[in-house]
Amino acid sequence: MQAAQHFTRLAPTLLMVVCYAVAFFFLSYTLRYIPVGIAYALWSGLGIVLISLVGYLTFGQKLDFAAILGLALIIAGVLVLNLFSKSTFH
């Protein structure tokens, strides 16, 4: 969204729309196998981590210790859900 500059730049706006459509497609696909609460937790948690990484690498946005700790806890939660929960498929 930042690169689209409030939807005034066509190429980044179209790329963003395509990426959102792909993300929602894969989210809807996983709902065949995973309960909606677990799927949404994984989707949103990984989305937060990946967007933070993109912001850091692409836009030079800095993360303080609290942000890094929070992201690490999100990753830990996703790992716990995937490795130990019987609600997800393995």
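**Figure 1. The surface and overall form of the chain.** The accessible surface of the chain comes to about 6900 Å². Carbon and sulfur atoms account for 75% of that surface. The model shown here, and in each view that follows, is predicted. Of the 90 residues in the chain, 19% count as buried. Along the principal axes, the C-alpha atoms fill a box of roughly 45 × 35 × 15 Å.

**Figure 2. The helices in order.** The chain contains three helices and zero strands. Read from the N terminus, its elements run α-α-α. The radius of gyration of the chain is 15 Å, whereas the globule rule gives 12 Å for 90 residues; the value is well over the rule, so the chain is more spread out than a compact globule. Contacts can also be sorted by separation in sequence: among those between residues at least 6 apart, 49% join residues at least 24 apart.

**Figure 3. The largest pocket and its lining.** The volume of the largest pocket is about 910 Å³. Its lining is made up of 29 residues, and the ones closest to the pocket centre are Cys-19, Tyr-20, Gly-47, Leu-50 and Ile-51. Two elements each give two or more residues to this lining, namely α1 (10–30) and α2 (36–59). Which element gives the largest share of the lining? That element is α2, with 13 residues. By residue class, the lining of the largest pocket divides into 21 nonpolar and eight polar residues, with no charged ones.

**Figure 4. Pro-12 in helix α1.** Pro-12 lies in helix α1. Leaving out residues up to four places away in sequence, Pro-12 touches Ala-3 and Ala-4.

Figure 5. Thr-13 is part of helix α1. Is Thr-13 buried or exposed? Its relative accessible area is 14%, so Thr-13 is buried, the cut-off for buried being under 20%. When neighbours within four places in sequence are set aside, Thr-13 is in contact with Ala-4, Phe-7 and Thr-8.

**Figure 6. Met-16 and Ala-3.** Met-16 is found in helix α1. With 12% relative accessibility, Met-16 counts as buried. How many residues apart along the chain are Met-16 and Ala-3? They are 13 residues apart, and their C-alpha atoms are separated by 9.2 Å.

**Figure 7. Phe-65 in helix α3.** Phe-65 lies in helix α3, which covers residues 65–84. The relative accessibility of Phe-65 is 64%, so this residue counts as exposed, the cut-off for exposed being over 50%. Gly-45 is 20 residues from Phe-65 along the chain. Between the C-alpha atoms of Phe-65 and Gly-45 the separation is 18 Å.

Methods:
Residues are numbered from 1 along each chain as its sequence is written. This is a predicted model: local features need pLDDT of at least 70, side-chain atom pairs count only at pLDDT 80 or more; totals for chains, interfaces and linings use all residues. Side-chain values use heavy atoms; hydrogens and water are left out. Helices (H or I, at least four residues) and strands (E, at least two) are DSSP runs, numbered from the N terminus. The radius of gyration is taken over C-alpha atoms; the globule rule is 2.2 Å times the number of residues to the power 0.38. Buried means under 20% relative accessible area, exposed over 50%, partly exposed in between (1.4 Å probe, protein chains only). Contact means heavy atoms within 4.5 Å. Accessible areas come from the Shrake-Rupley method with a 1.4 Å probe; for residues, only the protein chains shown count as cover. On a 1 Å grid over the protein atoms alone, a cavity is a set of points where a 1.4 Å probe fits but cannot get out, and a pocket is an open set with protein on both sides within 12 Å along at least five of seven lines; lining residues have an atom within 4 Å of a point. Grid points are joined across faces, edges and corners, and a volume is the space filled by probe spheres set on the points. Ala, Val, Leu, Ile, Met, Phe, Trp, Tyr, Cys and Pro count as nonpolar, Asp, Glu, Lys and Arg as charged, and the others, Gly among them, as polar.
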